Each structure stands twice: as C-alpha cells, then as structure tokens.
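Me: I would like to go through this model with you, one topic at a time. Could we start once it is on screen?

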Amino acid sequence: MEEILYFLQQVINGLTIGSTYALIAIGYTMVYGIIGMINFAHGEIYMIGTYVTFIVISALGMLGIANPFFLMGAALLVAVLVSCAYGFAVERVAYRPVRGSKRLIALISAIGMSIFLQNYMRLAQGSRDMAISSLIPGGWEFGIESFAVNLSYMQVIIFGVTLGCMLLLSTFISRSRLGRACRACSQDAGMARLLGINTDMIISMTFVIGAALAAVAGLLLGMYYGVVNPYIGFLAGLKAFTAAVLGGIGSIPGAMLGGLLLGVAEALTGGYLSTEYKDVVAFGLLILILLFRPSGILGKPEVEKI
Amino acid sequence: MTEHVEDVGILASCAGEVLAPQDAMLALENLTTHYGPVQALNDVSLAVGKGEIVTLIGANGAGKTTLLMSICGDPRPTSGRVWFEGEEITGTPTARVMRGGLSVVPEGRRIFTGMTVEENLAMGGYYQTREENERSIEHVLDLFPRLRERFNQRGGTMSGGEQQMLAIGRALMSRPRLLLLDEPSLGLAPIVIGQIFDIVEQLREQGTTIFLVEQNAHRALSIADRGYVLEHGHVVLADSGKALLANDDVRRAYLGG
Ligand SMILES: Nc1ncnc2c1ncn2[C@@H]1O[C@H](COP(=O)(O)OP(=O)(O)O)[C@@H](O)[C@H]1O
Ligand SMILES: [Mg+2]
C-alpha cells in the first residue's frame with residue numbers, strides 16, 4: 001500500500017511539473033509547425049514571465065494587497081501581456097530579418113537573442129535568486145498512517161490552469177478562423193499566401209500565443225517553487241523542447257502528451273533513483289528519441305520542412 | 001499563318017488590335033525570372049483580354065509554372081512588369097496581389113490535406129464576412145455537386161479529381177475576375193479531365209477570364225480563344241487557339257503528330 005501511495009505521489013508531482021513543460025512545449029511546436037525552426041529564445045520568454053510575476057506580486061504586496069487570487073490574476077495578466085510583447089519582438093528582431101536565409105543563420109540569430117535576453121535580465125534584476133513567499137500554501141493529505149499523499153492547492157491550480165489553457169487553445173485552433181489559418185499555414189504557408197492570407201501576421205501570432213503560454217507556465221512554476229533567476233529559462237526551455245520532440249514536434253497534442261510524460265519520467269527517476277538523475281533522464285530521453293524515433297510519439301513519420 | 005510574336009508586337013491579340021498593358025485584364029511586359037543563377041523566364045510578353053480563355057502550352061520545364069507564379073509574385077520576377085486590370089502589380093507582395101481579384105489553382109493542387117472540404121473552401125474566402133463566405137461556398141458547391149457529398153471529409157482522403165475540383169473551388173471562393181490554372185488535368189482520368197474543361201468553359205460564360213497552362217495541349221487549345229507557346233522560358237508563338245491547333249510546328253511538338 002505504502003508503495004502504491006509513494007508511486008502516486010511521484011506521479012502527482014510529475015504531472016505538476018509536466019503540465020508546465022507542456023505549456024512551454026506548445027510554443028516550440030507551434031513555431032516549428034509554421035516556420036520549421038526552433039525558437040531558441042523561447043525559454044527566455046518563460047523566464048521573463050516568471051520575473052514579471054514576481055515583480056507584480058511583490059509590488060502589489062507592498063501596496064498592501066493580500067488576496068492571493070487577486071495577486072495571481074493581476075500577475076497573470078501582466079506577465080502574459082509583457083511576454084506576448086517579447087514573443088512578438090523576438091520574431092521581428094531575430095527571425096523575420098533572416099527568414100529565407102540558411103537555417104544556421106536563423107539558429108545563430110535566435111541563440112544570440114536568447115543570450116541577450118538572459119543578460120539583459122541579469123543586468124536589470126541581478127543574477128541572484130529572487131524569491132517570493134508562497135501565496136497559496138497548504139493542500140490535501142490522504143493515505144494511510146505510515147504514508148500520506150500530498151496534493152497541494154498550488155498543484156491543483158497548476159492542473160486546472162493548464163487544462164483550461166489547453167482547452168482554450170484546442171478550441172481556438174480547431175474552430176476559429178485564425179486557428180484554421182494557422183493550420184493551413186503550417187501545412188503550406190506558400191499556398192496560404194496564394195490565397196491572400198497575410199502569413200506574416202499568422203507567424204507573429206504563433207510566437208505570441210507560444211509566449212503567452214510560456215508566461216502562464218512561468219507564473220505557475222514560479223509560484224510553485226517560489227524562486228527565479230535569469231538562468232532558469234535555459235533548463236526549462238531544454239526540457240520543454242525535449243517534451244515537444246518526444247510528443248512529435250509540430251504536433252500540439254504531442255507537445256501536451258510529451259510534457260506530461262517527461263514530467264512523470266523525471267519525477268519517477270527522482271523518486272526511485274536520485275534527484276540528481278532527474279535532468280539526465282530528460283536529455284537521455286531526447287537522445288534516444290532523436291536516434292530511434294525522430295518524429296516522436298504523435299508526429300508524422302516524415303518531418304520534412306523547407 | 002502564324003507569326004512570331006516579335007513580328008506583331010508584344011501584346012497583339014489575334015483579332016488584330018493591339019492591347020496596351022493598361023487595357024488588358026492581364027499583361028506581362030518583358031518578364032524575366034531567375035531561380036538563383038538559373039534563368040527560367042526570358043523576356044516574356046503576353047496579354048489576356050477581359051473575358052478570354054488564353055492558353056499557354058509548352059514542354060515540361062519550359063517555364064510555364066514559373067510564368068504563372070511570377071504573376072503572383074512568387075517567385076518575384078527579376079525584371080519586366082506585370083499589369084492586372086490596368087494597374088502595375090510587379091513587386092507587390094503575393095498575399096496582396098491575391099486579394100486583388102485574381103486566384104490561382106497551382107500545380108499539384110496544393111489543397112490542405114488535413115483540413116475538411118469545408119475548411120479548405122473557407123480558406124479561399126478568408127477575408128469575406130461570414131455571410132459572404134457561406135454564399136461563396138454555396139456557389140462553389142452548386143458548381144461541384146461532388147464537393148457537397150464530401151463536405152465534411154478531409155481533403156487528403158479524396159480522389160485526384162475531387163481534389164482538383166476542391167482546388168478550383170477554393171480558388172473561386174474569392175470570386176476572382178481572373179483565374180490562373182496550372183495544368184488542372186494533370187494525372188486525371190479522361191472523364192474527369194472532360195468535366196474540368198467543361199467547368200472552365202462554364203466559368204468563362206459566367207464572366208471569369210481564364211489563363212490556362214496545360215501540357216494537354218489539344219483540349220486546352222480547343223477551348224481557348226488564343227494561345228501562346230513557351231519554349232525555354234521564351235514565348236515563341238502566339239495565335240488564336242484554332243490557328244495553333246492547325247499549326248504544323250505545334251502539331252509536331254505538342255499534339256503528337
Ligand atoms: N524552385 C525552383 N528552383 C530552381 N529551379 C527551378 C525551380 N522551379 C523550377 N525551376 C527550373 O525552372 C525551369 C522551369 O520550370 P517550370 O516553370 O516548373 O516549368 P514547367 O512548368 O513548364 O514544367 C526548369 O528548368 C526548372 O528546373
Ligand atoms: Mg509546371
């Protein structure tokens with residue numbers, strides 16, 4: 001019994017982290033779906049989202065506002081807006097000018113953008129950890145005498161918000177006019193252009209949607225862990241990228257699935273082996289997928305992009 | 001008797017009157033297009049009058065697709081000018097050109113295979129209001145009853161003929177005044193080819209001007225008012241459809257004897 005509960009605890013923890021990986025992974029997968037390139041500055045957008053969350057919560061806290069849901073809502077709004085602006089700017093500055101040139105050039109441009117954002121944040125906020133206290137502490141406990149499973153309120157919020165975002169995104173992509181254009185562009189952007197569609201706008205929108213979801217992840221994970229520094233974007237970005245590849249890059253359901261799977265895999269490794277192996281799992285997995293099934297779980301076999 | 005285009009002036013139409021680029025529905029003036037260092041079009045001039053069906057024939061690799069796509073600005077011509085309804089559109093971004101009253105059915109159809117017939121059609125009238133969009137879809141479905149049966153099916157699951165109908169239907173969604181067609185009969189069964197050509201004639205009767213690129217030269221010239229022959233990226237012959245069908249050189253090279 002104890003064994004099962006312990007396992008359950010790891011799965012809950014894994015799904016929590018995995019949800020946020022999934023949110024970030026969607027940004028990678030959508031951008032890849034449309035322009036066929038990895039947005040290497042995406043992890044930095046997540047980092048910025050976390051910073052904005054912390055700044056808003058601290059600032060409003062100093063003004064004496066204490067309602068955690070109001071704080072969270074306000075932080076969410078500002079973080080999403082600011083990150084969207086950064087996402088938009090990243091595309092304009094690092095991708096659009098080099099579109100049509102060699103992939104390596106775009107890659108270097110994006111990595112440059114990533115380094116710039118990281119260091120810009122370091123200058124603006126300092127390179128040391130910034131912390132906030134837990135806004136929504138506590139949770140439920142259930143189990144038997146010798147072992148209790150913890151499900152914190154924050155974890156439930158993470159599941160809930162992630163689920164909400166996924167549903168919103170799925171509906172948008174499958175039902176709305178813009179979502180349809182998005183799908184059309186990711187299949188054949190040239191054809192969309194031949195139908196008069198402003199594909200530049202669709203590409204911008206893709207970066208912005210990805211940034212918004214990364215900001216949501218930044219808020220959730222930031223509130224869960226309570227600390228941020230300018231370097232968190234690198235690791236989170238790599239993890240989410242792994243999740244996107246695992247699920248099948250280009251596929252939105254794939255990114256969701258990949259994120260959850262990776263989160264659980266990490267948590268189980270941490271729970272049964274050692275937390276030091278957690279990151280090794282992600283990158284080991286990445287290498288294995290790239291070797292044996294580069295198209296991922298839900299991706300189409302021939303991932304061929306111009 | 002056919003004449004080389006150089007002799008009659010670049011924009012001669014078969015009736016004898018010379019169309020100025022501003023007066024034609026579509027006019028190309030000395031158009032040259034490159035892919036990197038490779039020249040695919042060499043100083044092409046031609047015109048399509050309002051209400052005409054004009055056919056462009058040429059061997060594989062002659063540059064037919066390049067010519068058609070250069071009109072849309074994709075690829076961008078290296079030099080020369082493109083006129084549409086009296087306005088110069090050279091260098092205008094593709095998406096803007098395509099919103100201005102012309103549509104293309106590209107080579108290989110390029111329908112959105114993962115999307116339903118309805119969604120594909122809706123993409124063709126992307127900037128319309130919802131009511132306009134629904135009316136256009138209804139119009140297309142009347143033209144292609146087959147698409148009505150397949151309305152909720154994914155484009156990729158349909159036969160080649162149905163996909164071609166979808167590609168044409170999608171192009172018609174924006175109610176174009178000029179329709180560009182790139183080898184619509186390619187890879188289709190003879191019966192389906194007949195249907196496609198019937199539709200093209202029907203469209204012209206309804207007032208749409210047609211510029212048709214074909215390797216199926218016989219059918220294409222039969223329905224054409226006028227035709228051009230493209231060789232190695234250059235227009236070598238221009239005449240009425242009938243005259244081209246009777247031309248010995250054309251018969252030998254494109255009609256199999
Ligand atoms: N995207 C491209 N890049 C480089 N060369 C091309 C490209 N498309 C066509 N070409 C070349 O341009 C020439 C004309 O091709 P195309 O316009 O497709 O001819 P057609 O449609 O008459 O068969 C050919 O020699 C072809 O190899
Ligand atoms: Mg061709």
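**Notes on the model**

Reply: B:Arg170 is buried, with a relative accessible area of 1%; buried means under 20% relative accessible area, exposed over 50% and partly exposed in between, computed with a 1.4 Å probe on protein chains only. The model is predicted: local features need pLDDT of at least 70 and side-chain atom pairs count only at pLDDT 80 or more, while totals for chains, interfaces and linings use all residues. Residues are numbered from 1 along each chain as its sequence is written, chains are lettered from A and ligands numbered from 1 in the order in which they are written, and side-chain values use heavy atoms, with hydrogens and water left out.

Me: Which helix does B:Arg170 lie in, and what does it touch?

Reply: B:Arg170 lies in helix α7 of chain B; helices are DSSP runs of H or I with at least four residues, strands are runs of E with at least two, and both are numbered from the N terminus. Not counting residues up to four places away in sequence, B:Arg170 touches A:Met191 and A:Leu195 of chain A, and its contacts in chain B include B:Pro106, B:Arg109, B:Phe112 and B:Asn120. Contact means heavy atoms within 4.5 Å.

Me: What separates the C-alpha atoms of B:Arg170 and B:Thr65?

Reply: Those C-alpha atoms are separated by 19 Å, and the residues are 105 apart along the chain.

Me: Now the metal. Which residues coordinate the magnesium ion?

Reply: B:Thr65 through OG1 and B:Glu107 through OE coordinate the magnesium ion, ligand 2, at 2.0 to 2.5 Å. B:Thr65 lies in helix α2 (residues 64–71) of chain B and B:Glu107 in the loop between β6 (102–105) and α4 (117–124) of chain B, so the pair ties together parts 42 residues apart in sequence. Donors are N, O and S atoms within 2.8 Å of the metal (3.2 Å for Na, K and Ca); water is not among the atoms, so sites may look incomplete.

Me: Are B:Thr65 and B:Glu107 buried or partly exposed?

Reply: B:Thr65 is partly exposed at a relative accessible area of 23%, and B:Glu107 is partly exposed at 35%.

Me: Which residues are around ligand 1?

Reply: Among them are B:Tyr35, B:Asn60, B:Ala62, B:Lys64 and B:Thr65, where a residue counts if one of its heavy atoms lies within 4 Å. A polar side-chain atom of B:Asn60 lies 3.2 Å from an oxygen atom of ligand 1. A backbone N or O atom of B:Lys64 lies 2.8 Å from an oxygen atom of the ligand.

Me: Turning to helix α8 of chain B, how many residues does it have, and what do its buried residues pack against?

Reply: Helix α8 (residues 190–205) of chain B has 16 residues and reaches 23 Å from its first C-alpha to its last, close to the 22 Å expected; the expected span is 1.5 Å times one less than the number of residues. Its buried residues include B:Val192, B:Ile196 and B:Val200, and the buried residues pack against elements of chain B including β3 (53–58), α5 (130–143) and α7 (160–172). B:Gly207 follows the helix, with a positive phi near 105°.

Me: Where is confidence lowest in chain B?

Reply: Confidence is lowest in helix α1 (residues 5–8) of chain B, at a mean pLDDT of 40, and highest in β7(B), at 98. pLDDT is the predictor's confidence in each residue, from 0 to 100. The mean for chain B is 91, yet pLDDT stays under 50 over residues 1–16 of that chain. Where pLDDT is low, the predicted coordinates should not be read in detail.

Key
Polar contact = N/O pair within 3.5 Å; in protein donor to acceptor, adjacent residues only side chain to side chain.
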